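Please read the following report alongside the sequence and the coordinates.

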Amino acid sequence: MTSFILYMKKNSPAKELRYLTQRIKGIDTIATHRGGHFFIKQRSEDAFNSELLICPIEDVSKTSILIPHRESVKLDQVEVSRDHLIVYEREDGLENIIVYSLPKVGQPIENLANGRRLQFSETVYSILPKEFQFNSSILRYSYSSLRTPPSVYDYDMNTGESSLKKRQEVLGDFDIEHYEIVRRWACAEDGSNIPISIVYRKDLVKLDGTDPLLLYGYGSYEVVNEPSFRGESLSLLNRGIVFAIAHIRGGGEMGRKWYDDGKLFKKKNTFTDFICSAEYLLANKFGAKEKLCIHGRSAGGLLIGAVLTMKPDLFRCAIAEVAFVDVLTTMLDSSIPLTTAEYEEWGNPNIKDYYTYIKSYSPVDNVQARSYPDTLITGGLHDPRVGYWEPAKFVAKLREFKTDDNLLLLKCDMGAGHFSKSGRFDKLKEVAFVYAFILKSLGIVNCGDTISS
């Protein structure tokens, strides 16, 4: 919510730290510099998607706006090189890169000439900055999509040409052209448009409302659930499962307001957005209701637990990993290291209004006597973020109240923390376990079948 910046001139005899930006509640700043100027990305209540300020190093009080705030475009990151300003900004849920030429060092910078926007051929993709040399005209970035493996590109900021330098190898009979990626928009209860990223194997799905469908979500902490390549998901795609990501409120996909509208007293938007996304996919024949599986981790596990208690008859299978499902009890315990810092995300339940609101969606507190879909809940004994007792408590409550004979499993890993065991193969074993549960629940394999990638 709040940050400020101090700077020091490295050749100053006094080695004195000075304020570049002041500490003001609700103002968040990040800075870089080039030549005689500081470039400051600043977010505030009015400039909620951030604006770019510039000031001379010799007089930091003389700030001016270089890139103004825009309500529909979020300024994500700014980098500078000797001759260029590189801006990463997010619009309609997708990251863009815009490159501006800068005047020579020592000359004034009053405004920016028309920037050059990088063009990408796919409709849904993900971009990550990579390290590059300050004095070079080459910008390096990583590109991927739900069907394109991570690929490193060098972009010549003088000529506007990109060249592929490296692409992650995918073993087996993998061909990008076998897969289709699309973007759709669901309508939320209040009329907001929710982006959904979808991938499927073209030769295996029918898109007639009979296909199995896996819907993934997160929706917290302004985290962007990127539509990037997930190699392990090929095991599902190659069995004819449609994979989709709901970019729901509480995440950062559609700018800062998208996050603000999915936290504190607006947290339920996260859950209803996910339900609306599932209903949209079913209505538009991306999958069958009796073959719909939902999946989330951590705060995404809260998402799964919440929608299970809100609308359990909509899904066939649910996976909630390291699930934050006992929100009220945890947030009332200030002895847990993360609790008080989390008040800015969930609210302080020691205040009556927050207590009532959190209790209205906390999964453990909303289990009723009814039928629930096949459900897998996981936890880690050494998890410092979500105590293992949360998923255990939720499963115990479900076992007490549920009226069905569907699968309900608790898997507590005795050697793992929040992000699973260390070691690449141990991680793959965990993924395989989850996928085996999905495939069994959806009737794609039988118990005795061997599941290979």
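The text below takes up salt bridges, then aromatic pairs, then charges over rings.

This is a predicted model, in which local features need pLDDT of at least 70 and side-chain atom pairs count only at pLDDT 80 or more, whereas totals for chains, interfaces and linings use all residues. Residues are numbered from 1 along each chain as its sequence is written, and side-chain values use heavy atoms, with hydrogens and water left out.

**Salt bridges**

With a salt bridge taken as a side-chain nitrogen of Lys or Arg within 4 Å of a carboxyl oxygen of Asp or Glu, the count comes to 26 salt bridges. Three of these pairs are listed here.

| Glu-222 | Arg-256 | 2.6 Å |

Glu-222 and Arg-256 form a salt bridge that links distant parts of the chain, with Glu-222 in the loop between β17 (213-216) and α1 (234-237) and Arg-256 in helix α2 (residues 256-260), 34 residues apart; helices (H or I, at least four residues) and strands (E, at least two) are DSSP runs, numbered from the N terminus. Both Glu-222 and Arg-256 are buried, where buried means under 20% relative accessible area, exposed over 50%, and partly exposed in between (1.4 Å probe, protein chains only). Glu-222 and Arg-256 also belong to a network of salt bridges whose members include Lys-74, Asp-76 and Arg-90.

Asp-374 is buried at a relative accessible area of 4%, while Arg-316 is partly exposed at 27%.

**Aromatic pairs**

Rings of Phe, Tyr and Trp (its six-membered ring) pair if their centres lie within 6.5 Å, and planes under 30 degrees apart count as stacked, over 60 as edge-to-face and the rest as tilted. A search of the whole structure finds 17 aromatic pairs. Among them, Tyr-221 and Trp-346 are edge-to-face, at 5.8 Å centre to centre and 90 degrees between the planes; Tyr-221 is in the loop between β17 and α1 and Trp-346 in helix α6 (residues 343-346), 125 residues apart. Trp-346 is buried, with a relative accessible area of 0%.

**Charges over rings**

A charge sits over a ring if NZ of Lys or CZ of Arg is within 6 Å of the ring centre and within 35 degrees of the ring normal. The charged end of Arg-230 sits over the ring of Tyr-216, 5.4 Å from its centre, and Arg-249 lies over the face of Trp-258, at 5.8 Å from the ring centre.
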